[in-house]
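User: Hi! I am new to protein structures and would like to learn how to read one. Could you walk me through it?

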Amino acid sequence: MEDIINQWGYLALFLYSFGGGFVGLVVASVLAYSGDLNIYICIIVAASSNFLGDQFLFYMARTNKNYAKDIMRKHGRKVALAHLWMRKYGSPVVFLQKYVYGIKTLIPLAMGLTKYSFKKFTVFNFFATILWAVIVGYISYRLGEVVLTYADDYKYYGVAIILAIVLTVTYYLKKI
């Protein structure tokens, strides 16, 4: 298993982080704590992929508005929330969206549909991505000992708790 993680771990993290990456970075950081991966490389890979993914979404919405609108039509309430946050918070919403599940992909799409500057989005996205990767990566790495200590003893409880959290969050986000 360690050989697979060593060979494919960074690629898997890159691919996963292109569309979000929060959970992937947490898992990779815990694996870095265990010695299977390098924490600095994990942070760089996740940040690079996450940055590119958001840039892609923004650019796609800017150049192919009909396709972006079709994608966003399925998420009416979340899109309304994204627009509300953009009006209320302005550019800092790029930082906020990195941490909020359910709107992470919608903010770049929504901003791409507006007249928001591509250069401005790139700058904010760059700094937001670095901050996100360092914070999530470092905290997950530091908590790696706790996770690994209790992983064997409570693995079935952990799976049940994670499943309950995911289902609960999904349920409430569908209501938005």
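Analyst: Happy to! Let's begin with a definition: two residues are in contact when they have heavy atoms within 4.5 Å. Keep in mind that this is a predicted model.

User: Which residues is Leu109 in contact with, leaving aside its neighbours within four places in sequence?

Analyst: Leu109 touches Leu57, Met60, Ala61, Ala68, Ile71 and Met72.

User: How should I read a nonpolar core, and how many residues has the largest one here?

Analyst: The general idea is that nonpolar side chains tend to be buried together in soluble globular proteins. Here, the largest nonpolar core has 21 residues. Those with the most contacts inside it are Met72, Val93, Ile107, Leu109, Met111 and Phe121.

User: Which elements give two or more residues to this core?

Analyst: They are α3 (39–63), α4 (65–73), α5 (76–89), α6 (93–96), α7 (106–113) and α8 (118–142). Helix α7 provides the largest share, five residues. Another core lies apart from this one and has 14 residues, including Leu25, Ala32, Val45 and Ala133.

User: Now for helix packing. At what angle do α2 and α8 pack?

Analyst: Helix α2 (residues 22–33) packs with α8 at about 45°, and their axes are 8 Å apart. That angle makes α2 oblique to α8. Their crossing is right-handed.

User: Which residues meet there, in α2 and in α8?

Analyst: From α2 come Phe22, Leu25, Val26, Ser29, Val30, Ala32 and Tyr33. From α8 come Trp132, Ala133, Val136, Gly137, Ser140 and Tyr141. The residues of this contact divide into ten nonpolar, three polar and no charged.

Notes:
Residues numbered from 1 in each chain as written. Predicted model: local features only at pLDDT ≥ 70, side-chain atom pairs only at ≥ 80, totals over all residues. Heavy atoms only, no water. Core = buried A, V, L, I, M, F, W, Y, C linked by side-chain atoms within 4.5 Å. Buried < 20%, exposed > 50% of the residue type's maximum accessible area, 1.4 Å probe, protein only. Helix = DSSP H or I, 4+ residues; strand = E, 2+ residues; numbered from the N terminus. Axes fitted to C-alpha atoms, helices over the stretch in contact; angles between N-to-C directions. Parallel < 35°, antiparallel > 145°, perpendicular 65-115°, else oblique. Left-handed = near helix turned anticlockwise from the far one by under 90°. Nonpolar A, V, L, I, M, F, W, Y, C, P; charged D, E, K, R; others polar.
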